[in-house]
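Visitor: I would like to learn how to read a fold from its coordinates. Could you walk me through one, feature by feature?

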Amino acid sequence: MNTELNHVTIYTDGACKGNPGPGGWGVVLISGTTEKELFGGELGTTNNRMELTAVIEALAALKRPCRVTLYLDSEYVRKGITEWIHGWKAKGWRTASKQPVKNVELWQRLDALVATSGHVIEWKWVKGHAGDPGNERADALANRGVEVALGRR
């Protein structure tokens with residue numbers, strides 16, 4: 001049995017026209033020479049919800065445990081899943097100021113995916129709209145998702 005995990009590079013991004021407003025999410029998955037693009041959108045949403053949805057959809061698309069390098073331009077998602085979530089869970093999904101965590105159902109889905117998928121994930125922040133080819137592709141897909149949400153595609 002091969003215990004070596006496949007390596008997958010993932011780029012995710014979210015977009016929103018108005019906040020809240022119509023939004024989209026985009027994902028680029030790269031494993032060896034295989035590439036896959038995913039995107040979708042919603043009408044009444046926020047940028048943070050779309051950033052979270054992109055990561056959830058990306059990880060959910062992997063059919064078996066993988067070694068993942070995940071590039072995202074959202075510090076909200078990166079810090080949320082690597083730093084803040086531990087305190088939120090300990091406080092019953094409340095923030096340090098005792099407020100309910102925003103987008104809690106998405107955070108819970110992401111937390112469950114990370115905990116049960118078997119993926120080994122390296123979270124890498126990349127500056128958005130700064131010419132990173134993978135991030136630019138994910139951004140373009142997120143904008144296609146907005147068009148889908150608006151019924152234009």
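Guide: Gladly. Helices (H or I, at least four residues) and strands (E, at least two) are DSSP runs, numbered from the N terminus. With that naming, asparagine 103 sits in the loop between helix 2 and helix 3. This is a predicted model, in which local features need pLDDT of at least 70 and side-chain atom pairs count only at pLDDT 80 or more, while totals for chains, interfaces and linings use all residues. Residues are numbered from 1 along each chain as its sequence is written, and side-chain values use heavy atoms, with hydrogens and water left out.

Visitor: Is asparagine 103 buried or exposed?

Guide: Buried means under 20% relative accessible area, exposed over 50%, and partly exposed in between (1.4 Å probe, protein chains only). Asparagine 103 has a relative accessible area of 14%, so this residue is buried. Contact means heavy atoms within 4.5 Å. Not counting residues up to four places away in sequence, asparagine 103 touches Asn48, Arg49, Leu52 and Tyr76.

Visitor: Now the sheet. What is the order of its strands?

Guide: First the general idea: strands of a sheet pair through backbone hydrogen bonds, either parallel or antiparallel. Here, two strands pair if DSSP finds at least two bridges between them. The 5 strands form an open sheet in the order 3-2-1-4-5, with mixed pairing. Strand 3 and strand 5 stand at the edges with a single partner strand each, so one side of each has no neighbour in the sheet. From one strand to the next, the twist averages 20 degrees.

Visitor: Which pairs run parallel, and which antiparallel?

Guide: Strand 1 and strand 2 are antiparallel, joined by 8 bridges. Strand 1 and strand 4 are parallel over 7 bridges, and strand 4 runs parallel to strand 5 with 6 bridges. Strand 4 is mostly covered, with 5 of its 7 residues buried.

Visitor: Which residues does valine 27 contact?

Guide: Valine 27 lies in strand 2 and is buried, at a relative accessible area of 0%. Leaving aside neighbours within four places in sequence, its contacts are Ile10, Tyr11, Thr12, Lys36, Glu37, Leu38, Ala54, Ala58 and Leu141.

Visitor: How do the helices sit on the sheet?

Guide: For directions, axes are lines fitted to C-alpha atoms, for helices over the stretch in contact, and angles run from 0 to 180 degrees between N-to-C directions. Helix 1 lies across strand 1, strand 2, strand 3, strand 4 (66–72) and strand 5, at about 155 degrees to strand 1. Helix 4 packs on the sheet too, touching strand 1, strand 2 and strand 3, and its direction makes about 140 degrees with that of strand 2.

Visitor: Which residues of helix 4 are buried?

Guide: An α-helix has 3.6 residues a turn, so residues three or four places apart point the same way. In helix 4 the buried residues are Gly134, Asn135, Ala138, Asp139, Leu141, Ala142, Gly145, Val146 and Ala149. Seen down the axis, they fall within an arc of 165 degrees, so they line one face of the helix.

Visitor: Let me try helix 3 in the same way. Which of its residues are buried?

Guide: Leu106, Trp107, Leu110, Asp111 and Leu113 are buried in helix 3. They fall within an arc of 160 degrees seen down the axis, so they line one face of this helix. The face turned away carries the exposed residues Ala115 and Thr116. The buried residues of helix 3 pack against helix 1 (47–61), helix 2 (75–90) and strand 5 (120–125).

Key:
Arc of directions from axis to C-beta.
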